[in-house]
Amino acid sequence: MDDKKKKEQKIEDIKNAGVAGAAYETVQLYGTAAKQHYGAYTGQDNEMGEKFVKGLKQISKENVNPDYEYQNIHQQAGFSAEVKDVARTNAEKIINGDSTRKIRTDDLGSVNDPLYDTVTIDAKGNVIDGSGAQMKFLGASENDPTGDGNAARALEKLQSKKFQKYLDADAKIDVPSDQYDKIIQEANDKIESLSKQLENQKHAGNAEQVKRIQERIDKLEKIKKNLRKSTVSSDEAVFARLHPGLSTVIDVAKVSHRAGVQTAETSAIIGGSVSIVKNLVSVCKGEEEPEEAIKNVAKDTATTATVGYGTGFAGTALKGAMQNSGSEYIRELSKTNIPGTVVAVTVSATKTLSRYFKGEIDGVECLETLGEQGTGMISSAMFAVIGQAVIPVPIVGGLIGGMVGYAISSATYGILTESLKEAELAKDEREQIEQICNEHIKMIREYRAEMEKIINEYLIDSMEVFRDSFSGIKNALALGDVDWAIESANTITESFGGQAAFSNMDDFNKKMLASTTFKL
């Protein structure tokens, strides 16, 4: 590789380290939010050492009577809705910096609480007065597959004597997000109709009827006042009951997408800034025209934004899984920038290996570069945490820490590798030293030739596999498709007779959340 390409590669790697560093705070924040969904699925928060009465996985395994399948599924879906609503609400609280948390009364030890399904607790775990709420997923009927009458039936049930105790306790009532507006409209229509009847009875002087109608109107007004829109729809509740794993993946993906968008914006600034300086120098030196420089800046900005999105998206999903892992060691690792750095390392390594497969660099240089990138990126993960602690400014501390970590580690690695290559400088020394040095040079050359031979013989028949696999990894990262990236990487493993540790993100999460250990 010539000096220009080496310089460009170095800039690219430092930029990726900067992206990973800048993404640290975002990945930590959104990863903690994503952890809420992993806990909702498994039914336990390993980080806090808490086990819930029910998780989505357990609810999905509850018995169903074949004669009452529709009713059973929808009843159990109500429990799934509670679990998902708590996870979604708390994830949003975490993202917004709210220290309070929503919790099911079952998980507070009050199983089948007569008044409340959920309450809100403060940072010290104390229940906040007036925060109690009931969740009512009502109105679904097997005879009404379109659900047109769901809201009307739900309102009728809410007016029944069975639900009077919730109104008396002034409990908030959470209803499916898709039913809320329709229930409110149904209530308004009934109030309007009853108001007309009320006026007629007043004119007729029928005091008993006036009192009865007014009570019905007051009850409807109370229901409207206490009604709240849940974060979960009717269809989402049923889907969570039937497909808890996929439902969880969708929620994690939504949180990860938000993190990806945020890191993409920051990364675009990083990539654009670096590119502006680089191309401005090239223009001043007459190496490129201004029009070409503008195109390069736009291209570099977009490329870095894509890397940033992948770092934020995949890093968040991985951070959440690691944070709820049954392994204390993995939970501790989740507090570093390892989750985000994994993506950055993959991007840099993919580019290096692609250049090797194209014949642009030889096998030894490929391994040397991969070693430098690996040590540099892992170091950047550690320094990103230090940088954030020393410079507690959102993004800036992690960004600088990541870059410094990469630079220091790369410089150290460079000194070690250059010590092998500088043996030739000793040729100017005395004959004895020169002879020793020549022997070392001979050994290094033989070692290099042997490595080249081994690498080429080992890989020559599988170049197409590597090209396709790394092309898939690169495209998967660009699209934020974690499963595709894993599938592409597994192709290499399986081609050489190995067995993949996991086949997709869901499989990976299961292994991470399991109490048993596994080797990658």
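Tutor: Keep in mind that this is a predicted model. Its largest nonpolar core has 24 residues, and I183 and L227 have the most contacts inside it.

Student: Which elements give two or more residues to this core?

Tutor: They are helix 5 (150–158), helix 6 (164–168), strand 6 (172–175), helix 7 (180–204) and helix 8. Helix 7 gives the most, with seven residues.

Student: What does L227 contact, leaving aside neighbours within four places in sequence?

Tutor: L227 is in contact with L158, I173, V175, Y180, I183 and I184. There is also a second, separate core of 19 residues, which includes A34, Y38, I330 and I486.

Student: Why does K219 have no salt bridge?

Tutor: A salt bridge needs a side-chain nitrogen of Lys or Arg within 4 Å of a carboxyl oxygen of Asp or Glu. The nearest side chain of opposite charge to K219 is D168, 8.0 Å away, so K219 has no salt bridge.

Student: What makes strand 3 and strand 4 a pair?

Tutor: Pairing takes at least two bridges. Strand 3 (residues 101–104) and strand 4 are joined by four bridges, so they pair, and they run antiparallel. K102 stands opposite T120 in strand 4.

Student: How do you know that both faces of strand 4 are covered?

Tutor: T118 and T120 on one side of strand 4 (residues 118–121) are buried, and V119 and I121 on the other are buried too.

Note on methods:
Residues numbered from 1 in each chain as written. Predicted model: local features only at pLDDT ≥ 70, side-chain atom pairs only at ≥ 80, totals over all residues. Heavy atoms only, no water. Buried < 20%, exposed > 50% of the residue type's maximum accessible area, 1.4 Å probe, protein only. Lys, Arg positive; Asp, Glu negative; His and termini not counted. Core = buried A, V, L, I, M, F, W, Y, C linked by side-chain atoms within 4.5 Å. Contact = heavy atoms within 4.5 Å.
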